[in-house]
Amino acid sequence: MSWCLPVLLLVALACLARFGSALPFDAQAELKKAQTTLEELKAERRAMNERLEVAETQLKRVRDTPKVAFAASLGGNGLVKTTNGNKDLLYKDVLTNVGGAYSKETGEFTAPIRGVYYIRFTANAPTDFTMSAVLYKNDAEIQLIAHEQPSGSGSDTASNGAAFLLQKGDKLKMVLWHNTQIWDNSNHHSTFSGFLLFPMVDEPLTNLSVEDQLKDLKESLVQVQTENSGVKARLEATEKELKVIRDEPKVAFAASLGGDGLQKTTNGNTNLIYNDVLTNIGQAYNSETGVFTAPVNGVYYIRFTANAPTDFTMSAVLYKNDAEIQLIAHEQPSGSGSDTASNGAALQLQAGDRLSMKLWHNTQIWDNSNHHSTFSGFLIFPM
């Protein structure tokens, strides 16, 4: 047994030498692995922060852009006429006023932000006296006009519209010029309407010193470090909301009566079927029934144009859900020739609301393959 002890001692020392030195080696490997994982997590976090900053900037711009759309008619029941200077027109029968930028008390639309706005108006009046409707900006600058000279018996409709770059606070109003007239009733012949196409907000200029930039950078680093745990959740929520906004339906349609000649009724109202479809993005217009059905709650711009010979009364009347008259183009006979009238407005609709055009009793409308008489619209923004 005397020789066993040295042998066992040698074996023990060998094992100690072998396994004892492995502990520091394994610890170094684990430390390196942990450092690599940490660097990967930091890189992933930097990438998420960059995506989050872009997404939140885009979302803020969407959220900060107000929804603006208005439409109103003169209403009343008869003629507005002036022979003693110009007269401001007050469109008191409000159809739409999303954003509250139109005042029916003053007849003024005030731009809530700097941006490009589409503005349109329609005027109707008997043709025995001069008709006018004039768009002014800030009480001074004439922007657009509809002006018709007398042409005997009958009535006439004129319209105008354009896209304008307006500054925040700019005011638009309609004026009836001296010695002219305009007419309306509850069917909305004479209208004033508009909506924001897109904002034009200038980015603020920055001119910081090196010290200020360094201070801002340090503050940003501290903020990023303290918000580390919530970055992923914020990123997912922001990108999800942006996706909802980007997935909003695209809706636009345009169609004409088509055919080759006159449609006339002397036996009650009749539905107008615009069979010749030019555009139908979103498939919300049905060429079999002539009905446009709103796919979502929102504000839609709707417009129609009617053409007919002037030897008989012409009409084209926009109805909502077969009951409410929204807008009308209606012309009395005025002898030989032909005439064109149009109307349009921004209308707030609920999902499922149906819009259709009717030809009134004892009136006519005309079209051919060149698309004189049309019906069109598009979604401005969802609500």
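R354 is partly exposed, with a relative accessible area of 32%. The structure is a predicted model. In this model, the side chain of R354 meets that of D322 in a salt bridge, at 3.1 Å from N to O. The two residues sit in distant parts of the chain, 32 residues apart. R354 belongs to strand 24, and D322 to the loop between strand 21 and strand 22. D322 also counts as partly exposed, at 47% relative accessibility.

A search of the whole structure finds 3 salt bridges. K173 takes part in one with D88, where the closest N and O atoms are 3.1 Å apart. K173 lies in strand 11 (residues 171-176) and D88 in strand 3 (residues 87-88), so this pair ties together parts that are 85 residues apart in sequence. K173 is buried, at a relative accessible area of 12%. That value falls under the 20% limit for buried residues. D88, by contrast, is partly exposed at 39%.

K173 also meets D139 in a salt bridge, with an N to O distance of 2.5 Å. D139 lies in the loop between strand 8 (131-137) and strand 9 (141-148), and K173 in strand 11, so the pair ties together parts that are 34 residues apart in sequence. D139 is partly exposed, with a relative accessible area of 49%. Through shared partners, the salt bridges join D88, D139 and K173 into one network.

The largest nonpolar core has 31 residues. F292, L318 and F375 have the most contacts inside this core. Several strands give two or more residues to the core, including strand 14 (252-256), strand 21 (314-320), strand 22 (324-331) and strand 23 (338-349). Strand 24 (354-359) and strand 26 (374-382) are also among these contributors. The largest share, 5 residues, comes from strand 20. Strand 20 spans residues 298-309.

The contacts of F375 reach several parts of the sequence. With residues up to four places away in sequence left out, F375 touches F253, A254, A255, Y274, Y285 and G290, among others. Its partners also include I302, R303, F304, L318, L355 and M357. One of them, L318, is itself among the residues with the most contacts inside the core. Another core lies apart from the largest one.

N124 lies in strand 7 (residues 115-126). At 3% relative accessibility, N124 counts as buried. A polar atom of the N124 side chain lies 3.3 Å from the backbone oxygen of H330. N124 touches H330 and E331, and its other contacts include M131, D156, T157, I182 and W183. H189 and S190 are also touched by N124. These contacts do not count residues up to four places away in sequence.

The surface carries a nonpolar patch of about 340 Å². L165, L197, F198 and M200 make this patch. L197 is found in strand 13 (residues 191-199). L197 is partly exposed, with a relative accessible area of 42%. This value is over the 30% required of residues in a patch.

Notes. Residues are numbered from 1 along each chain as its sequence is written. This is a predicted model: local features need pLDDT of at least 70, side-chain atom pairs count only at pLDDT 80 or more; totals for chains, interfaces and linings use all residues. Side-chain values use heavy atoms; hydrogens and water are left out. Patches are made of residues with over 30% relative accessible area and no salt bridge: like charges are joined within 9 Å, nonpolar side chains (Val, Leu, Ile, Met, Phe, Trp, Tyr) within 5 Å. Accessible areas come from the Shrake-Rupley method with a 1.4 Å probe; for residues, only the protein chains shown count as cover. A salt bridge is a side-chain nitrogen of Lys or Arg within 4 Å of a carboxyl oxygen of Asp or Glu. Helices (H or I, at least four residues) and strands (E, at least two) are DSSP runs, numbered from the N terminus. Buried means under 20% relative accessible area, exposed over 50%, partly exposed in between (1.4 Å probe, protein chains only). A nonpolar core is a set of buried Ala, Val, Leu, Ile, Met, Phe, Trp, Tyr and Cys residues joined through side-chain atoms within 4.5 Å. Contact means heavy atoms within 4.5 Å. A polar contact is a pair of N or O atoms within 3.5 Å; within protein, one must be able to donate a hydrogen and the other to accept it, and residues adjacent in sequence count only if both atoms are side-chain atoms.
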